[in-house]
Amino acid sequence: MKKLTLVICTLLLASLVAAQDVTLPMGTSLRVKLENTITTSTNKAGDPFTGRVMQPVKFADKTVIPVGTEVQGRLTKVNDPRRIQGKPTIGIFPEALILPNGDRVTLNASLVDTSLHNGTSVNSEGQFKGKGHDMQDMTEIGVGTGVGMLAGGIFGGGKGLLVGGAIGATATVAHWLSKHNTTVLPSGTELFMELSRPLVMTSAAAPAEVPAAPATTTEAPAGAGQ
């Protein structure tokens with residue numbers, strides 16, 4: 001009877017320890033893997049996105065947010081301006097954590113970086129910025145100007161060279177300006193987030209280990225086996 005009471009008390013104590021609330025401080029990092037592709041050419045503000053936590057978030061050596069926890073959120077801004085008007089933008093707004101046990105926790109966090117390093121960036125408002133116009137665009141304009149100058153020189157001499165260059169440049173620039181800058185966050189991109197305010201969590205996400213119950217033995221009756 002004493003052994004049974006000890007086991008019950010141990011289980012209750014372990015349960016109480018596991019259910020303690022902990023507060024993750026502002027600035028705590030979350031490493032999240034994006035599960036759906038987001039692009040400025042097809043998505044719009046209000047569209048949902050999902051991700052999965054890639055590494056556990058611990059507090060006092062206890063896992064509070066385990067690997068595989070789902071991150072749900074929505075897009076607050078999707079913009080693909082014409083090339084001369086700036087960089088394409090995707091606003092990421094995390095809203096909730098869905099723990100493996102099904103619990104839903106409101107999340108206040110902001111995007112601070114991604115695993116993409118191809119001229120993209122994340123601004124102070126947590127918005128992902130794609131590339132603006134670059135040397136490839138300048139080369140495109142230069143090639144158009146050169147082709148126009150070549151054609152003008154062949155058919156109009158020196159004067160035609162200048163006119164052809166002007167026409168070629170104008171046509172190329174007009175074509176260039178008509179295009180939109182687009183950007184993509186592919187599925188599988190790592191999103192690095194930080195809590196924008198403290199987050200109260202329950203450490204039950206990583207329950208305390210319960211000691212094994214003491215083994216019980218049954219003594220054989222005296223004289224058995226004789």
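Visitor: What makes the meeting of the side chains of R74 and E95 a salt bridge?

Guide: The value is 2.8 Å, N to O. A salt bridge is a side-chain nitrogen of Lys or Arg within 4 Å of a carboxyl oxygen of Asp or Glu. Strands are DSSP runs of E, at least two residues, and helices are runs of H or I, at least four, numbered from the N terminus.

Visitor: What kind of model is this?

Guide: This is a predicted model, where local features need pLDDT of at least 70, side-chain atom pairs count only at pLDDT 80 or more, and totals for chains, interfaces and linings use all residues. Residues are numbered from 1 along each chain as its sequence is written, and side-chain values use heavy atoms, with hydrogens and water left out.

Visitor: Why is R74 called partly exposed?

Guide: Its relative accessible area is 33%. Buried means under 20%, exposed over 50%, and partly exposed in between (1.4 Å probe, protein chains only). R74 falls in between, so R74 is partly exposed. E95, at 29%, also counts as partly exposed.

Visitor: K44 and D47 meet in a salt bridge. Why is K44 called exposed, and why is D47 called buried?

Guide: K44 has a relative accessible area of 54%, which is over 50%, so K44 is exposed. D47 has 15%, which is under 20%, so D47 is buried. Their N to O distance is 3.2 Å.

Visitor: How many salt bridges does the structure hold?

Guide: The structure holds 5. One of them joins R52 and E35, with the closest N and O atoms 3.2 Å apart. R52 is in strand 4 (residues 48-53), while E35 is in the loop between strand 2 (29-34) and strand 3 (38-39). E35, R52 and E70 are linked in a network of salt bridges.

Visitor: Why is M201 called buried?

Guide: Its relative accessible area is 2%, which is under 20%, so M201 is buried. M201 sits in strand 15 (residues 199-202). Beyond its neighbours within four places in sequence, M201 is in contact (heavy atoms within 4.5 Å) with residues including Q20, V64 and L97.

Visitor: What is the mean pLDDT of the protein?

Guide: The mean is 75, and 58% of residues reach 70 or more. pLDDT is the predictor's confidence in each residue, from 0 to 100. Over residues 144-153, pLDDT is below 50.
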